[in-house]
Amino acid sequence: MTKASDVERRLQRLERQNRRLRLVVYSGLVAVVGAVAMAQTRPSQTIEAERFVVRDRMGNQRAVLGLEDDAPRLALYAPGQEIESVWLGMLNDVPILTLQRVGGSFQAQLTQGLFFVRGANGSFLADVETVDASGGMSLRDRDGQTRVRINWPGREASLGLYEPSGEARIVAAIDGSGTASLTLPFGGATGAQLYSRRESLGLLVHDPQGRMRIGLDAPSSGIANIGVFDEEGRTLFGVP
């Protein structure tokens, strides 16, 4: 009788365990099905914050997305460096992209209508400007002084070469009518100018005060015009 009772108790315990196991399995299936259904029907979530910081395994700050002076900004950092290697943001309500070498010895920036490169001392080394149909490009030395300048305002274009003092020494240009010229400034004035038009080739020489002293115009046909003038503009020699 005792053995029969023990067997019966064991059977009842196994039945209770089986019921619990079935309940756990059914509960798990219901949870999985519910999660899948919610994933299919629930809209995407939005995460809001004022600042996001991404760090590497060593704890170094590598990227920061947030606001600076109420303007959005994304900055990327080299390993172990505090200065941004790349940053994209707003400056005076204008979008700007900056690339800079670690230590700040070199910097390139691209913004609306302007691209420029800075040197170690913060001076401009090069810049490109574009505004509507006009634009220009400058190359500067380490002191920030312009040494080469290219302009393309409308249909015109010019190239200027400058001394370290900033004085223009050579200017090559072409205007909207197609006239090409090469100018050697002198004393802040025009100096000597060689020009080429569609029908003629000419040379003009000015003194430091900008007064023309020699003029030569050679047309494609006919007699060339030559003139030599004094300080008052009187003709000293002329052909024809």
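The model is predicted, and local features need pLDDT of at least 70, side-chain atom pairs count only at pLDDT 80 or more, and totals for chains, interfaces and linings use all residues. Residues are numbered from 1 along each chain as its sequence is written, and side-chain values use heavy atoms, with hydrogens and water left out.

Most residues other than glycine have a negative phi, and most peptide bonds are trans. Asp69 has a phi near 55°, a positive value in a residue other than glycine. Asp69 belongs to the loop between strand 2 (61-68) and strand 3 (71-77), where strands are DSSP runs of E with at least two residues, numbered from the N terminus. Asp70, also not a glycine, has a positive phi of about 65°, and Asp70 is likewise placed in the loop between strand 2 and strand 3. Asp69 is exposed, with a relative accessible area of 76%, and Asp70 is exposed at 73%; the term exposed denotes over 50% relative accessible area (1.4 Å probe, protein chains only).

Strand 17 (residues 225-229) pairs with strand 18 in the antiparallel sense through four bridges, pairing being assigned if DSSP finds at least two bridges between two strands. Gly227 has Gly238 of strand 18 as its bridge partner. The hairpin of these strands has five residues between them, and Gly233 in this hairpin takes a positive phi near 90°. The peptide bond from Val239 to Pro240 is cis, with omega near 0°. Pro240 is located in the segment after strand 18 (235-239).

The largest pocket has a volume of about 170 Å³. A pocket is an open set of points on a 1 Å grid over the protein atoms alone, where a 1.4 Å probe fits, with protein on both sides within 12 Å along at least five of seven lines; lining residues have an atom within 4 Å of a point. The volume is the space filled by probe spheres set on the points, which are joined across faces, edges and corners. Residues lining the largest pocket include Glu68, Asp69, Arg73, Trp87 and Asp93. Strand 3 and strand 4 (84-91) each supply at least two lining residues, and strand 4 gives the largest share, four residues. By class, the lining comprises five nonpolar, two polar and four charged residues, with Ala, Val, Leu, Ile, Met, Phe, Trp, Tyr, Cys and Pro counted as nonpolar, Asp, Glu, Lys and Arg as charged, and the others, Gly among them, as polar.

Methods. Buried means under 20% relative accessible area, exposed over 50%, partly exposed in between (1.4 Å probe, protein chains only).
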